[in-house]
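Please look through the sequence and the 3D view below before reading on. The report that follows takes up the domains, the ligand and the aromatic rings.

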Amino acid sequence: MDIAALREKLIGQDRRALARAITLVESGRADHRAMATELLDSLSGQPHKALRIGLSGTPGVGKSTFIESFGMFLIGQGKRVAVLAVDPSSARSGGSILGDKTRMERLTRERAAFIRPSPSQSHLGGVARRTREAVALCEAAGFDIVLIETVGVGQSETVVSQMSDLFLLLLAPAGGDELQGVKRGIMEMADMILVNKADGDLKATATRTCADYAGALRLLRKRPQDPQGFPKAMTVSALEHEGLQAAWEDMQALKSWRQENGHWNSRRAAQAQFWFEEELRQGLLAQLDAAPIKAQIASLADKVAAGQLSPSSAAQDILSALKLSARG
Ligand code: GDP
């Protein structure tokens, strides 16, 4: 494959080149990985920056509906919009949250939109890397907005917030005590909480829920990257296209403030460091999982269990062996 040619097409906003490039970063083959790395490195100085928006919420809260209607809204503002997903469940089931494209019927047909389902990788680390690299490719391909969707379970919010400039939490109208259901750690990641389904019979409940969350957000520790009034909670209706304009204005205000105050660049820099360290950790873990070290670990583990060797001295043996193999 001619990587230089692929790069040129990608920068020229060729959608098929973008799809091919993403397929390349998703591939598990070593030669593909080398080409993917070459491509990504060649793009790293690209001046065009997209606004990367992470979006999390439990199944049924309205993520697809929101992405469809917010995506169409953004296209109406002249933006090009890419949609990616981090789906921890696809690792297990082989399915994917964006796989069913009928959920975003209008957006799928738009020339200015690009939708890519979550890669089906065996572990979240793999999904995270592929998605992060796909974000960089979409950015290089000139997309103005990259929406990264995830289901609100476990670790995936951390992964998505570490690759986005803004992180949105989508919630449903709920009775008062359900507020406890959102983990504090997830609340702390959110830049904006959008209480969806604020329409029809649910409108009053949504307004109440929104006030509850606004109160909960005020109790959180103040973060240096937030201007006055952020993080904030607001109501939207993805179905009725309500509140999208207001939400977008707030996102832009937050973006501008962070850019003017140096937080935008420092967030991206911190994210780059986070992923560097994460890759390093993953790489080391992969080394531990490879023969012959793996067999050596198993045999030392038996000795530790039998009380013939202390845990720390067994670990030291392995670490020394790794050091030797790294030098050799
Ligand atoms: P996801 O699982 O988070 O992607 O949720 P979906 O977008 O598939 O929506 C789940 C259900 O909620 C569907 O029946 C939607 O029609 C409904 N829904 C989504 N957004 C809204 C909204 O703004 N108002 C109302 N009333 N229903 C909505």
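How far apart do the C-alpha centres of domain 1 and domain 3 lie? The C-alpha centres of these two domains are 38 Å apart. The protein chain is divided into domain 1 (1-45), domain 2 (48-261) and domain 3 (288-327), with bounds that come from an automatic or database domain assignment.

This is a predicted model, in which local features need pLDDT of at least 70 and side-chain atom pairs count only at pLDDT 80 or more, while totals for chains, interfaces and linings use all residues. Residues are numbered from 1 along each chain as its sequence is written, and side-chain values use heavy atoms, with hydrogens and water left out.

**The ligand**

Around the ligand there are 15 residues, of which Gly60, Lys63, Ser64, Thr65 and Asp199 come nearest; a residue counts as near if one of its heavy atoms lies within 4 Å. This shell divides into four nonpolar, seven polar and four charged residues, and in this grouping Asp, Glu, Lys and Arg count as charged, whereas Gly is among the polar ones. The table lists polar contacts, meaning pairs of N or O atoms within 3.5 Å.

| Residue | Atom of the residue | Atom of the ligand | Distance |
|---|---|---|---|
| Gly62 | backbone N or O | oxygen | 3.0 Å |
| Thr65 | side-chain N or O | oxygen | 2.5 Å |
| Asp199 | polar side-chain atom | nitrogen | 2.6 Å |

Taken alone, the ligand exposes 580 Å², and the protein buries 73% of that, where accessible areas come from the Shrake-Rupley method with a 1.4 Å probe.

**The aromatic rings**

The structure holds five aromatic pairs, a pair being rings of Phe, Tyr or Trp (its six-membered ring) whose centres lie within 6.5 Å, with planes under 30 degrees apart called stacked, over 60 edge-to-face and the rest tilted. One of them joins Phe70 and Phe73, which are stacked at 6.1 Å centre to centre with 10 degrees between the planes. Both residues lie in helix H4 (residues 63-76), three residues apart, or about one turn of the helix.

Phe70 counts as buried because its relative accessibility is 0%, and the cut-off for buried is under 20%, with exposed over 50% and partly exposed in between. Phe73, with a relative accessible area of 17%, is therefore buried as well.

Phe274 and Trp275 form an edge-to-face pair, 4.9 Å centre to centre and with 90 degrees between the planes. Here Phe274 is partly exposed because its relative accessibility is 25%, whereas Trp275, at 7%, counts as buried. Finally, Phe66, Phe70, Phe73 and Trp248 form one aromatic cluster.

How values were computed:
Polar contact = N/O pair within 3.5 Å; in protein donor to acceptor, adjacent residues only side chain to side chain. Helix = DSSP H or I, 4+ residues; strand = E, 2+ residues; numbered from the N terminus. Buried < 20%, exposed > 50% of the residue type's maximum accessible area, 1.4 Å probe, protein only.
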